[in-house]
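This report describes one protein chain, from its overall fold down to single residues. The sequence and the model are shown first.

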Amino acid sequence: MSGGHERGPEPVGIDELLERVRAGFVRLGPAEAAAALAAGALLVDIRYAELRNRDGLIPGALVVERNELEWRLDPRGSHRAPEAVSHDLRIVVVCNEGYASSLAVASLRRLGLHGATDLIGGFQAWRAAGLPVRV
């Protein structure tokens with residue numbers, strides 16, 4: 001040890017990290033995400049305001065910016081959203097293109113939200129599939 005710091009795990013590149021994270025859950029395509037939403041899943045849009053303002057919103061999605069996600073979706077948390085009622089809740093996380101959402105899902109799963117997954121291709125794939133967007 002030098003400088004008083006313990007060595008953690010070996011460094012990993014982001015592509016490898018995404019591959020490892022995504023191996024732990026089944027991701028959804030746009031039609032599957034729409035069906036999950038229709039069946040009562042909580043669709044959570046973690047895009048920042050500039051992207052939401054530019055591209056629109058998915059009707060029925062809960063908007064929670066990424067930096068607040070764990071606090072808002074933890075059913076035991078003091079800052080939870082009213083929709084965060086159970087660890088068994090089916091959650092579909094949506095970012096812009098489907099990368100940040102995978103990392104967010106890994107974090108939610110560490111909180112015990114094992115029904116969390118994300119949308120392959122993110123909001124852009126949803127829109128390209130012709131699914132509803134509110135501008």
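## Overall architecture

The chain folds into six helices and four strands. Read from the N terminus, these elements follow the order α-α-β-α-β-α-β-α-β-α. The model is predicted, and its local features are described where pLDDT is at least 70.

The C-alpha trace extends over about 55 × 30 × 30 Å along its principal axes. Among contacts with a separation of 6 or more, 65% join residues 24 or more positions apart.

## Surface and charge

Buried residues make up 41% of the 135 in the chain. The accessible surface comes to about 7,800 Å², and carbon and sulfur atoms account for 53% of that area.

## Nonpolar cores

The largest nonpolar core holds 21 residues; those touching the most other members are Val-44, Ile-46, Leu-69, Leu-73, Ile-91, Val-93 and Leu-108. Two or more residues of this core come from each of strand 1 (42-45), helix 4 (69-73), strand 3 (91-94) and helix 5 (100-110). Helix 5 gives the largest share, with four residues. Apart from this core lies another, of eleven residues, including Val-92, Val-94, Phe-123 and Trp-126.

Beyond its neighbours within four places in sequence, Val-93 is in contact with Val-44 and Ile-46, with Ser-101, Ala-104, Val-105 and Leu-108, and with Thr-117, Asp-118 and Leu-119.

## Helix 5 and its cover

The buried residues of helix 5 are Ser-101, Ser-102, Ala-104, Val-105, Ala-106, Ser-107 and Leu-108. Their cover includes helix 1 (14-22), helix 4, strand 3 and strand 4. In an α-helix there are 3.6 residues a turn, so residues three or four places apart point the same way.

Ser-101 sits in helix 5. Ser-101 counts as buried because its relative accessibility is 0%, the cut-off being under 20%. Leaving out neighbours within four places in sequence, the contacts of Ser-101 are Ile-46, Val-93, Val-94, Cys-95, Asp-118 and Leu-119.

## The loop after helix 5

Gly-112 follows helix 5 and has a positive phi, near 95 degrees. His-114 lies in the loop that leads from helix 5 to strand 4 (116-118). With a relative accessible area of 54%, His-114 is exposed, since the cut-off for that class is over 50%.

Setting aside neighbours within four places in sequence, His-114 is in contact with His-87 and Arg-109. The C-alpha atoms of His-114 and Gly-24 are 9.9 Å apart in space, although 90 residues separate the two in sequence.

## A position in helix 2

Glu-32 belongs to helix 2 (residues 30-38). Its relative accessible area of 46% makes Glu-32 partly exposed. Glu-32 and Ile-120 are 88 residues apart in sequence, with a C-alpha to C-alpha distance of 10.0 Å.

Note on methods
Residues are numbered from 1 along each chain as its sequence is written. This is a predicted model: local features need pLDDT of at least 70, side-chain atom pairs count only at pLDDT 80 or more; totals for chains, interfaces and linings use all residues. Side-chain values use heavy atoms; hydrogens and water are left out. Buried means under 20% relative accessible area, exposed over 50%, partly exposed in between (1.4 Å probe, protein chains only). Contact means heavy atoms within 4.5 Å. Accessible areas come from the Shrake-Rupley method with a 1.4 Å probe; for residues, only the protein chains shown count as cover. A nonpolar core is a set of buried Ala, Val, Leu, Ile, Met, Phe, Trp, Tyr and Cys residues joined through side-chain atoms within 4.5 Å.
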